[in-house]
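Here are my notes from a pass through this one, in numbered points. Have the viewer open while you read.

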Amino acid sequence: MTPGDQEETQPLLRPPGGSAPRARRVFLAAFAAALGPLSFGFALGYSSPAIPSLRRAAPPALRLDDAAASWFGAIVSLGAAAGGVLGGWLVDRAGRKLSLLLCAVPFVAGFTVITAAQNVWMLLGGRLLTGLACGIASLVAPVYISEIAYPEVRGLLGSCVQLMVVIGILLAYLAGWVLKWRWLAVLGCVPPSFMLLLMCCMPETPRYLLTQHKRQEAVAAMQFLWGSEQGWEEPPVGAEHQGFHLAQLRRPGVYKPFIIGISLMAFQQLSGINAVMFYAETIFEEAKFKDSSLASVIVGIIQVLFTAVAALVMDRAGRRLLLALSGVVMVFSTSAFGAYFKLTQGGPSNSSHVDLLAPVSMEPASGSVGLAWLAVGSMCLFIAGGAQALRCLLAGRCLLHLQCPFHSGLCP
């Protein structure tokens, strides 16, 4: 066997010069950090099964009216906006590991407040806390994972972040199918608690330690994670002092990707994807579904599957093609769902008269029953074609230019 043949037989997941058993610690550390995005997804999906349960509650039990239910779903976004700013400050000053440890606290505290809630304000306060944690986790976890991964698995582990988010959403939908809102909040404490325990045993990222001039600690972290120092690329001198200045926006290489990136973010949010995630079960109840929980679970499963597919085909199909395809699919799917509501608006007002599992051969009792799969199918198409392609495009566009203000968060 020639030396070239021996080289080809080396496992792709083995770090350069390191041993496979020790390299597995990279995956353990990545899993610990990915529990943050999993908790993030669970917090996003929590409102979907919780809101119908809270709206149906009879006095004297805690109950949400329409306005409070709307705030209950949306206020997590306000917390996430504040968390994103706080996370950007924490990640460079407190470090990646400590930032992940700190974000577990508002996750657990928020779900604990929701569990013990005796009034609407406690519910909203708990959601605001979980939103704050979501903002921190969504920024810090990708940075931590990308900085601990060796080059052969960096792309693989990086793509797991978005996958864990949608798995968290699906977990909330599945658990909400069988659990009431208080017990569902108790379950929401589990992933961040595990993250807190596991991250205590994981090292800080070598790159951050090097930027803090702690070379010995960085070498120890590399030995723990990789089993070797080979293949490590030290950050350039002065990397810790790099920053974005408004004067840089005068340069085409900066302001063009900046405008494109901001526009893509805005269009992604305005597409309505978050509204579907927050209120999936409520939307299907308004569409007169008997099995609104099942319909939400189906949407969650489709989201997980197509997130994985988008990660696999992104580099082969191209970002621009994915974006164009996603726009067509989103227009078609939302038009179909609007047509469903138009065709069924004259039907009974009872929100539980459409059985999703009714046999296709059954003669429909009303027009809504016959059109049940139009609603589910259009929402599945919207999820499959919409958000994932936009996220893939955003992650790979020229927004990742080294001098772009978002580069440190999206491509550390």
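1. Starting with the surface: the chain exposes about 19900 Å², and 66% of that is supplied by carbon and sulfur atoms. Keep in mind that this is a predicted model, so these values are computed from predicted coordinates.

2. On the inside, buried residues make up 46% of the chain's 412 residues. As for secondary structure, you'll find 18 helices and zero strands.

3. The contacts reach across the sequence. Taking those with a separation of 6 or more, 81% join residues 24 or more positions apart.

4. Now the rings. How many aromatic pairs does the structure hold? There are three aromatic pairs. One of them is Phe42 with Phe111, an edge-to-face arrangement with 5.8 Å centre to centre and 75 degrees between the planes. This pair links distant parts of the chain, since Phe42 belongs to helix H2 (residues 20-56) and Phe111 to helix H4 (residues 96-115), 69 residues apart.

5. Next, Tyr46 and Phe72. Their ring centres are 6.1 Å apart and their planes stand at 55 degrees, so this pair counts as tilted. The tilted label follows because only angles over 60 degrees count as edge-to-face and only those under 30 as stacked. Again distant parts of the chain are linked: Tyr46 is in helix H2 and Phe72 in helix H3 (residues 66-93), 26 residues apart. Tyr46 has 0% relative accessibility and counts as buried; Phe72 is likewise buried, at 0%.

6. Which residue puts its charged end over the ring of Phe72? That's Arg127, sitting 5.2 Å from the ring centre. So Phe72, buried at 0% relative accessibility, has a tilted pairing with Tyr46 and the charged end of Arg127 over its ring.

7. One more charge over a ring to look at: Arg25 lies over the face of Phe224, with 4.7 Å to the ring centre.

Conventions: Residues are numbered from 1 along each chain as its sequence is written. This is a predicted model: local features need pLDDT of at least 70, side-chain atom pairs count only at pLDDT 80 or more; totals for chains, interfaces and linings use all residues. Side-chain values use heavy atoms; hydrogens and water are left out. Helices (H or I, at least four residues) and strands (E, at least two) are DSSP runs, numbered from the N terminus. Buried means under 20% relative accessible area, exposed over 50%, partly exposed in between (1.4 Å probe, protein chains only). Contact means heavy atoms within 4.5 Å. Accessible areas come from the Shrake-Rupley method with a 1.4 Å probe; for residues, only the protein chains shown count as cover. Rings of Phe, Tyr and Trp (its six-membered ring) pair if their centres lie within 6.5 Å; planes under 30 degrees apart count as stacked, over 60 as edge-to-face and the rest as tilted. A charge sits over a ring if NZ of Lys or CZ of Arg is within 6 Å of the ring centre and within 35 degrees of the ring normal.
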